[in-house]
Amino acid sequence: MPRAKSDTVEYFPHFVDDSRTIFILESEYGNDGYVFWFKLLELLACSDGHYYDMNKPGALRYLYAKTRVDADRAVKILDTLADMQKIDPELYRAKIIWCQKFVDNLGPLY
């Protein structure tokens, strides 16, 4: 049975190869870096259109709670992800989180 039309997904591939992203995040932020990245991907998976608008009321508070890191650490990790171009740096400056590679990896689900 085909999936009902939706702009969210209930799961996403969790690739287990030793990626540069995970290596850098864990090296710089320990387990917080690992957890933040995958919690962020979960958040993007269940967000309409697979982007996260940090401009909305309460959005930052929810992001920190979801990823289980404080505001300073979250900003540092997001800055690192933008610097590595894992999230779109231009959109990030506008407080929008978009990860093109993540969306590309969801293609088979649609």
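Is the crossing in which α1 passes α4 left-handed or right-handed? I found that α1 passes α4 in a right-handed crossing (the near helix is turned clockwise from the far one by less than a right angle). This is a predicted model, where local features need pLDDT of at least 70, side-chain atom pairs count only at pLDDT 80 or more, and totals for chains, interfaces and linings use all residues. Residues are numbered from 1 along each chain as its sequence is written, and side-chain values use heavy atoms, with hydrogens and water left out.

Next, the geometry. The axes of α1 (residues 20–29) and α4 (residues 71–83) come within 11 Å and cross at roughly 145° (lines fitted to C-alpha atoms over the stretch in contact, angles from 0 to 180 degrees between N-to-C directions; helices are DSSP runs of H or I, at least four residues). From α1, I listed T21, I24, L25, E28 and Y29, and from α4, R73, K76, I77, T80 and L81 (contact means heavy atoms within 4.5 Å).

Then I turned to T21, which sits in helix α1. T21 is buried, at 6% relative accessible area (buried means under 20%, with a 1.4 Å probe and protein chains only). Leaving out residues up to four places away in sequence, T21 touches W37, L81, M84 and K86.

Notes:
Helix = DSSP H or I, 4+ residues; strand = E, 2+ residues; numbered from the N terminus. Buried < 20%, exposed > 50% of the residue type's maximum accessible area, 1.4 Å probe, protein only.
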